[in-house]
Amino acid sequence: MAGKRIEWVDIVKYICIICVLVRHLEWESELLYIFYASFFLKGFFFTAGYVYHYTNDFKSFLIKKVKGLLVPWFIFSTFNIILSQILSFNEHNGLLTEMAWNMLQIRNHGDGIWFVAALFIAFIPFYFLIKWSDREEKSKSVAAIVISFILSFGSLAYTKLMNPSLLPWNGAELPWHLEYIFQAMLFMVLGYYFRKEYEVKFDKHNTKFNRICLGAVYLLIIYLPYALGIEFPVIIDMIYQYVRELTGVLLLVSICKVVKTNRYVSYVGQNTLIYFALHGKILNIIETILQKIMPEIYSIIHGNVVSENIFVIAVALVMSVLLIIPAWIINKYFPFVLGRTKKSM
């Protein structure tokens, strides 16, 4: 029997995937991006760690992640590449070139479904760290969090300080997102131990007053340096990034734990992998219509910060509704794409 869905987790994932849709639309303002940039990806990793249940059998663990992440990544990314050769609104490389870049998984180089690949790779060191920290009766949660933070800080330092000209693709990014996985793993570890050790205490203090205070602190943290034009030295900026991300994820979780869900939000939250994989083509169609068929509307929207933000959120919500159709079809008729077996009637 499958485990019962956790409502607030699906709400977190819903909000995060809407932010992904917004991010991939070109009309959003910098102010809007600053608001959600600190939590929309880290929220996914936090929930991935939260719902993880440790197994001592690495083979079973790996098979499960291959079926649930790697297979969907390969199927969806290959489908998108082939589709782009047939129907594309943007310039693209040839089929073999795009397939080769996809297999290399270097960020911003033909890695359209990079997040799924990065999550799969991040799960491997996460597994061994959790295995080490939970192998004795007394959990080593603090040690695991410290270790994951050190690894994360090192990987972030690499991305900030690495000379991009040293690599053939002129970027600090590494194949299969090796420069990023420890940053992801930190929030997976935090999510895992949040459920095991800290959630009860968190819920006790998750009052309306505390949520308002946390929200105010978050807004100050993200917007004050922007408003004042402050540019921190690299090391301080790295530390400040963790402060922003931790505060943002805590605020997101605190809100999602008290709001009510509905069938639409829950369904989207349960199918974020499909949404992440398939939203690109719908996005391209919408942008092409606005730019070529309705240029007047496009120019009006694109020229005002308020209208840009309202419109980009509205488009993201429309996309989230449209994607229910392919999500339903895949779940009902092609569950193997998601690493699942078809349910017998």
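Is Asp-134 buried or exposed? In this predicted model, Asp-134 comes out as buried, with a relative accessibility of 16%; the cut-off for that label is under 20%. Even so, the Asp-134 side chain has a charged partner: Lys-196 meets it in a salt bridge, at 3.1 Å from N to O. Asp-134 sits in the loop between α6 (114-133) and α7 (141-161), while Lys-196 belongs to helix α8 (residues 181-204), so this pair ties together parts that are 62 residues apart in sequence. On the Lys-196 side, relative accessibility is 40%, which makes that residue partly exposed.

The structure has six salt bridges in total. Another one pairs Asp-237 with Lys-160, and here the closest N and O atoms are 3.6 Å apart. This one also links distant parts of the chain: Asp-237 is in helix α10 (residues 234-256) and Lys-160 is in helix α7, 77 residues apart. Asp-237 is partly exposed at 21% relative accessibility, and Lys-160 is partly exposed too, at 38%.

## How α2 meets α9

Now for some helix packing. Helix α2 (residues 30-37) and helix α9 (residues 208-228) have axes that come within 10 Å of each other, and they cross at roughly 140 degrees. Only angles over 145 count as roughly antiparallel, so α2 and α9 are classed as oblique to each other. As for handedness, α2 passes α9 in a right-handed crossing.

## A nonpolar patch on the surface

Finally, take a look at the stretch around helix α15 (residues 324-333), where Trp-328 is found. Trp-328 is one of the residues in a nonpolar surface patch, together with Ile-325, Ile-329, Tyr-333, Phe-334 and Phe-336. Between them, these side chains belong to residues with about 620 Å² of accessible area. Trp-328 itself counts as partly exposed, because its relative accessibility is 44% and the exposed label needs over 50%.

How values were computed: Residues are numbered from 1 along each chain as its sequence is written. This is a predicted model: local features need pLDDT of at least 70, side-chain atom pairs count only at pLDDT 80 or more; totals for chains, interfaces and linings use all residues. Side-chain values use heavy atoms; hydrogens and water are left out. Patches are made of residues with over 30% relative accessible area and no salt bridge: like charges are joined within 9 Å, nonpolar side chains (Val, Leu, Ile, Met, Phe, Trp, Tyr) within 5 Å. Accessible areas come from the Shrake-Rupley method with a 1.4 Å probe; for residues, only the protein chains shown count as cover. A salt bridge is a side-chain nitrogen of Lys or Arg within 4 Å of a carboxyl oxygen of Asp or Glu. Helices (H or I, at least four residues) and strands (E, at least two) are DSSP runs, numbered from the N terminus. Buried means under 20% relative accessible area, exposed over 50%, partly exposed in between (1.4 Å probe, protein chains only). Axes are lines fitted to C-alpha atoms, for helices over the stretch in contact, and angles run from 0 to 180 degrees between N-to-C directions. Angles under 35 degrees count as roughly parallel, over 145 as roughly antiparallel, 65 to 115 as roughly perpendicular and the rest as oblique. A crossing is left-handed if the near helix is turned anticlockwise from the far one by less than a right angle, and right-handed if clockwise.
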